[in-house]
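Visitor: Hi! I have a model open and would like a hand finding my way around. Could you walk me through a few spots?

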Amino acid sequence: MSSAAATANPSAWIELPHFAWERLIAQDAPTVRFAKGQTLFTQGEAVTQVHLIEQGRVRLVLLSASGHEKHMAIVGTNGMVGECSAFLDGRHSLSAVASSDVVARQIDRRRLVAHMESDPACMHQVLWLIGMKLRVIAVQNLLLSQASAAQRVAHHLVQLGDTYGELLAGGAVAIRVSFTHQEMANIAGLSRVMASNVLLQLQARGFVDKAKSHWVIRDIQGLRQLAAGC
């Protein structure tokens, strides 16, 4: 799909294989590993490092005063977590939890700020990533407050197709980013059972199909209409 479509309709799954961070991690960026379910940092915690994701995926979670979780985005290859709060009051505004086993590079907050001042390409990438997360979180907040379960899942499938889709013969779109039912449930604010049921219903109606570990959208226009509530 086109990069313009991906930017206008960003997926809550943020994968950036084309981003280059070699100069940033050339020195003083140790490799750290997190097991699936492990917390990288917690909302309200002081920002000391940011994490550049080399392998795996990390979900960003907003906690309400009552402890209710809202999953706002999932960050994967070459994405960064923790940078959004590095320039504010020094406190993380979201929690970050490993959605799979994760390999990351740990970068001191002060080093990131200093490197951005001397490397325009790095500054551009960080600002782009922050802007994209803000757009994703705004859309996600609207979905969680107003959309039905089917609309939420359909929306995320459409956005995945727009951002990471490969056009196939006959107009089908292959989503080249894999995800689990649990990840879809998390980002859609549903139970795993509910998310799985919605995906099965979409398959039965001919909107999507599964090809090995990836999903294929068979009827992208129909799925867009469903996401929009039509």
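Guide: Happy to. One thing first: this is a predicted model. Let's begin with K212, which is exposed, with a relative accessible area of 84%.

Visitor: Where does K212 lie?

Guide: K212 lies in the loop between strand 12 and strand 13.

Visitor: And what is its phi like?

Guide: K212 has a positive phi of about 60 degrees, although K212 is not a glycine. For context, most residues other than glycine have a negative phi.

Visitor: OK, what about N78, what's the phi there?

Guide: N78 is also not a glycine, and its phi is positive, at about 65 degrees. You'll find N78 in the loop between strand 6 (69-75) and strand 7.

Visitor: Is N78 buried or exposed?

Guide: N78 counts as buried, at 16% relative accessibility. The cut-off for buried is under 20%.

Visitor: Let's switch to helices. How do helix 4 and helix 6 pack?

Guide: Helix 4 covers residues 149-164 and helix 6 covers residues 192-204; their axes are 10 Å apart, at an angle of about 70 degrees. The two helices are therefore roughly perpendicular to each other, since angles of 65 to 115 degrees fall in that class.

Visitor: Which residues make the contact?

Guide: From helix 4 you have A149, A150, V153 and L157, and from helix 6 M194, V198, L199 and L202. Sorted by class, this contact has eight nonpolar residues, with no polar and no charged ones.

Visitor: Can you tell me what V198 touches?

Guide: Setting aside neighbours within four places in sequence, V198 is in contact with A149, A150 and V153. The C-alpha atoms of V198 and A150 are separated by 6.0 Å, while the two residues are 48 residues apart along the chain. V198 is buried too, with a relative accessible area of 4%.

Visitor: How far does helix 6 reach from end to end?

Guide: From its first C-alpha to its last, helix 6 reaches 18 Å, close to the 18 Å expected for its 13 residues at 1.5 Å a residue.

Visitor: Which of its residues are buried in helix 6?

Guide: Those are A195, S196, V198, L199 and L202. They cover an arc of only 160 degrees around the axis, so they sit on the same side of helix 6. On the other side, V193, L200 and A204 are exposed.

Visitor: What do the buried ones pack against?

Guide: Helix 4 is one partner, and the others are helix 5 (181-188), strand 12 (208-211), strand 13 (214-217) and helix 7 (220-227).

Visitor: And what comes after helix 6?

Guide: Helix 6 is followed by G206, which has a positive phi, near 85 degrees.

Visitor: I always look at histidines. Where is H156?

Guide: H156 is in helix 4. H156 is buried, with a relative accessible area of 3%. Not counting residues up to four places away in sequence, H156 touches A12, W13, Q140, L143, M184, I187 and A188.

Visitor: How about H92, where is that one?

Guide: H92 is in the loop between strand 7 (80-81) and strand 8 (95-98). At 5% relative accessibility, H92 counts as buried.

Visitor: What is H92 in contact with?

Guide: Leaving out neighbours within four places in sequence, H92 is in contact with F41, T42, Q43, G44, E45, A46, V47, Q49, G82 and S85.

Visitor: Great, thanks for the tour!

Technical notes. Residues numbered from 1 in each chain as written. Predicted model: local features only at pLDDT ≥ 70, side-chain atom pairs only at ≥ 80, totals over all residues. Heavy atoms only, no water. Axes fitted to C-alpha atoms, helices over the stretch in contact; angles between N-to-C directions. Helix = DSSP H or I, 4+ residues; strand = E, 2+ residues; numbered from the N terminus. Parallel < 35°, antiparallel > 145°, perpendicular 65-115°, else oblique. Contact = heavy atoms within 4.5 Å. Nonpolar A, V, L, I, M, F, W, Y, C, P; charged D, E, K, R; others polar. Expected span 1.5 Å × (residues − 1). Buried < 20%, exposed > 50% of the residue type's maximum accessible area, 1.4 Å probe, protein only. Arc of directions from axis to C-beta.
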